[in-house]
Amino acid sequence: MKKIRWYLECFVTYFKINVLVVMEYKLDFLAINLASILALLVGVFNIEIIFSHVEAMKAWNKDEVLWCLGFFYMVRAIYNTFFINTLSISYWVQNGKFDLYMIRPLNTFFQLLSSGRYNAEYPLDEYLVGGILLVKTGFSLHLFQDGTDWLLFAYLLLTGVFVYFSILFIFSSLSFWMVKSNMFLVMIENLERLAEYPIDIYHKAIRVAVSMLIPIALVNYYPTVFLLRGRDVRVLLFITGVCVVLGGIAVAVWKLGMKAYQSTGA
């Protein structure tokens with residue numbers, strides 16, 4: 001219990017330091033978030049334009065598609081707040097500075113998540129746009145009618161974050177063997193653009209790829225299907241099962257990577 005409290009205090013301290021660093025230049029901070037909000041709104045405007053010409057997108061109405069997009073923004077916001085440093089593994093390995101994490105008296109993975117930031121901005125833009133979309137469309141879709149809806153939403157949001165984190169962490173951890181692993185992260189960024197919309201609209205091969213091979217569709221599409229299309233327990237079990245599998249793979253890759261890592265002083 002004492003050790004857990006110590007790690008929690010360390011995390012809070014790191015978090016405060018990161019916020020102070022980001023807020024050092026307040027005008028830059030506001031400008032970056034404003035520009036990011038405008039960039040996110042482009043996705044919303046695209047959906048508005050599409051539905052100004054069609055009534056439905058493969059049986060999905062506008063509010064459902066906007067909910068799917070808002071859910072994705074919220075998942076990414078949480079990831080960017082707490083887990084974005086996992087994208088920096090390549091940087092630390094390339095520069096030989098990963099040794100710093102290994103010699104400090106703290107868990108290596110904990111330090112990777114907590115110290116410094118891979119990205120200087122905090123995702124206030126994604127919280128704002130994602131939250132507005134979820135609230136606006138959620139009530140029009142008659143969600144959040146009781147406590148069960150809120151519990152399911154919270155659980156699916158957590159699984160979405162876990163899936164998103166696991167996928168990026170696995171590919172980022174390949175840096176232990178492939179120094180230039182950023183190409184995989186670029187591929188994930190392209191898949192994210194597909195995941196912003198219901199995958200029903202794509203070819204079957206793409207649907208299989210984003211559901212089974214690189215299951216980015218579990219970040220927002222399958223949670224949306226479960227919440228809006230009948231609460232099929234099989235969908236919930238599928239999401240949970242994939243989370244367990246991805247978690248196991250992520251742990252295995254990290255442990256193997258730590259063993260494969262060769263210090264620059266070796």
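Which helices are included in what covers the buried residues of α11? The legends below start from that question and then move to other close-ups. This is a predicted model, in which local features need pLDDT of at least 70, side-chain atom pairs count only at pLDDT 80 or more, and totals for chains, interfaces and linings use all residues. Residues are numbered from 1 along each chain as its sequence is written, and side-chain values use heavy atoms, with hydrogens and water left out.

**View 1. Helix α11 and its cover.** Helix α11 spans residues 221-228 and is mostly covered, with eight of its eight residues buried. Here, buried means under 20% relative accessible area, exposed means over 50%, and partly exposed lies in between (1.4 Å probe, protein chains only). Helices (H or I, at least four residues) and strands (E, at least two) are DSSP runs, numbered from the N terminus. Among the buried residues of α11 are Y221, Y222, P223 and F226. To settle the opening question, the cover includes α3 (62-82), α8 (147-173), α10 (204-213) and α12 (233-260). Following α11 comes G230, whose phi is positive, near 100°.

**View 2. T137 within helix α7.** Look for T137 in helix α7, which runs over residues 124-140. T137 is buried, with a relative accessible area of 0%. The side chain of T137 reaches the backbone oxygen of L133 at 2.6 Å. That is a polar contact, meaning a pair of N or O atoms within 3.5 Å; within protein, one must be able to donate a hydrogen and the other to accept it, and residues adjacent in sequence count only if both atoms are side-chain atoms. If neighbours within four places in sequence are set aside, T137 is in contact with D63, L66 and W67, where contact means heavy atoms within 4.5 Å.

**View 3. The rings of F139 and F144.** Rings of Phe, Tyr and Trp (its six-membered ring) pair if their centres lie within 6.5 Å; planes under 30 degrees apart count as stacked, over 60 as edge-to-face and the rest as tilted. The count by this rule comes to 34 aromatic pairs. One of them joins F139 and F144 in a tilted arrangement, 6.2 Å centre to centre with 55° between the planes. F139 counts as partly exposed at 49% relative accessibility, whereas F144 counts as buried at 12%.

**View 4. R229 over W60.** Here the charged end of R229 sits over the ring of W60, 4.2 Å from its centre. A charge sits over a ring if NZ of Lys or CZ of Arg is within 6 Å of the ring centre and within 35 degrees of the ring normal.

**View 5. F98 and the residues it touches.** F98 belongs to helix α5, residues 98-103, and counts as buried at 0% relative accessibility. Not counting residues up to four places away in sequence, F98 touches W92, T108, F176, W254, M258 and Y261. For a sense of scale, F98 and L27 are 71 residues apart in sequence and 33 Å apart in space, C-alpha to C-alpha.

**Setting for all views. The protein chain as a whole.** The protein chain has 12 helices and zero strands. Of its 266 residues, 49% count as buried. Among contacts between residues at least 6 apart in sequence, 76% join residues at least 24 apart. The C-alpha atoms fill a box of roughly 65 × 40 × 40 Å, taken along the principal axes.
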